[in-house]
Amino acid sequence: MGRELIVAWAGRHQRDDWERLCAGYRRRIRRLAAVRDLPVRARARGAGGRRRLRAEGEALLAALPEPCRIVAVDRRARSRTSVELAEWLEGTARDWPHPVAFLVGSDLGLADEVFERARDGLSLGPLTLPHELARLVLYEQIYRALAIRAGIKYHREPL
């Protein structure tokens, strides 16, 4: 891949079980591309709803390197097949020489401002997923896409 992939996520917890699973995929990804996990915690104590969502969005955007291609991981975005994601990553690696950051919201989702600022989007489907599970699925799909590009026998097309 040649470009750093960043998974930036807003959340208040880093549970060991989820982190162990994500770390396993990061180890696999590192054989194919540089990857960084970027947990972001908003400074909005006691804030609820919209105020916390806005603070999380601001914190996510502030944590990213400049320049950076922002990908909003959100159900409002376009869904892709694993092969389409692999093709998109390949094109992005060819055309964009800077880090690519996938942004995952907290239990509140992603702020509208983050979604609008993103250059690209990726939907993991129409279901509402816990943010920890969304992060794990994202890591698995990034690994799958890179494995497809590298010719590694991991992905199988449906029969």
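Me: Which side chain makes a polar contact of 3.2 Å with Trp9?
Reply: The side chain of Asp37 makes that contact with Trp9, at 3.2 Å. A polar contact is a pair of N or O atoms within 3.5 Å; within protein, one must be able to donate a hydrogen and the other to accept it, and residues adjacent in sequence count only if both atoms are side-chain atoms. This is a predicted model, in which local features need pLDDT of at least 70 and side-chain atom pairs count only at pLDDT 80 or more, while totals for chains, interfaces and linings use all residues. Residues are numbered from 1 along each chain as its sequence is written, and side-chain values use heavy atoms, with hydrogens and water left out.

Me: What joins the side chains of Asp37 and Tyr139?
Reply: A polar contact of 2.6 Å joins them.

Me: Where is Asp37 found, and is it buried or exposed?
Reply: Asp37 belongs to strand β2, residues 35-40. Helices (H or I, at least four residues) and strands (E, at least two) are DSSP runs, numbered from the N terminus. Asp37 is buried, with a relative accessible area of 16%. Buried means under 20% relative accessible area, exposed over 50%, and partly exposed in between (1.4 Å probe, protein chains only).

Me: Which salt bridge does Asp37 form with Arg26?
Reply: The side chains of Arg26 and Asp37 meet at 3.6 Å, N to O. A salt bridge here is a side-chain nitrogen of Lys or Arg within 4 Å of a carboxyl oxygen of Asp or Glu. Arg26 lies in helix α1 and Asp37 in strand β2, so the pair ties together parts that are eleven residues apart in sequence.

Me: What about Arg26 and Glu19?
Reply: Arg26 and Glu19 also form a salt bridge, at 2.3 Å, N to O. Both residues are buried, and the relative accessible area of Arg26 is 7%.

Me: How many salt bridges are there by this rule?
Reply: The count comes to 14 salt bridges. Arg76 is partly exposed, at a relative accessible area of 40%, whereas Asp74 counts as buried at 12%. Elsewhere, salt bridges that share partners join Glu19, Arg26, Asp37 and Arg135 into one network.

Me: Now helix α1: which of its residues are buried, and what covers them?
Reply: The buried residues of α1 are Glu19, Cys22, Ala23, Gly24, Tyr25, Arg26 and Ile29. Their cover includes β2 and α5 (131-150), where contact means heavy atoms within 4.5 Å.

Me: What span should α1 have?
Reply: The 15 residues of α1 (residues 16-30), at 1.5 Å a residue, should span 21 Å, and the end C-alpha atoms are 20 Å apart, which agrees. The expected span of a helix is 1.5 Å times one less than its number of residues.

Me: Changing topic, in what order do the strands of the sheet run?
Reply: Five strands form an open sheet in the order β2-β1-β4-β3-β5, with parallel pairing. Two strands pair if DSSP finds at least two bridges between them. The edge strands are β2 and β5 (120-122), each of which pairs on one side only. From one strand to the next, the twist averages 25 degrees. Axes are lines fitted to C-alpha atoms, for helices over the stretch in contact, and angles run from 0 to 180 degrees between N-to-C directions.

Me: How many bridges join β3 to β5?
Reply: Three bridges join strand β3 (residues 69-73) to β5, and the two run parallel. Val71 stands opposite Asp120 in β5. Helix α3 (residues 82-95) packs on the sheet, touching β1 (5-10), β3, β4 (100-104) and β5, and its direction makes about 135 degrees with that of β4.

Me: Which residues of α3 are buried?
Reply: Ser82, Leu85, Ala86, Trp88, Leu89, Gly91, Thr92 and Ala93 are buried in α3. The buried residues of α3 pack against β1, β3, β4, β5 and α5.

Me: One more topic: which residues does a cis peptide bond join?
Reply: Glu66 and Pro67 are joined by a cis peptide bond, with omega about -10 degrees. Pro67 lies in the loop between α2 (49-63) and β3. Most peptide bonds are trans.

Me: And where is Leu32?
Reply: Leu32 is in the loop between α1 and β2, and at 24% relative accessibility it counts as partly exposed. Leu32 and Ala147 are 115 residues apart in sequence and 7.9 Å apart in space, C-alpha to C-alpha.
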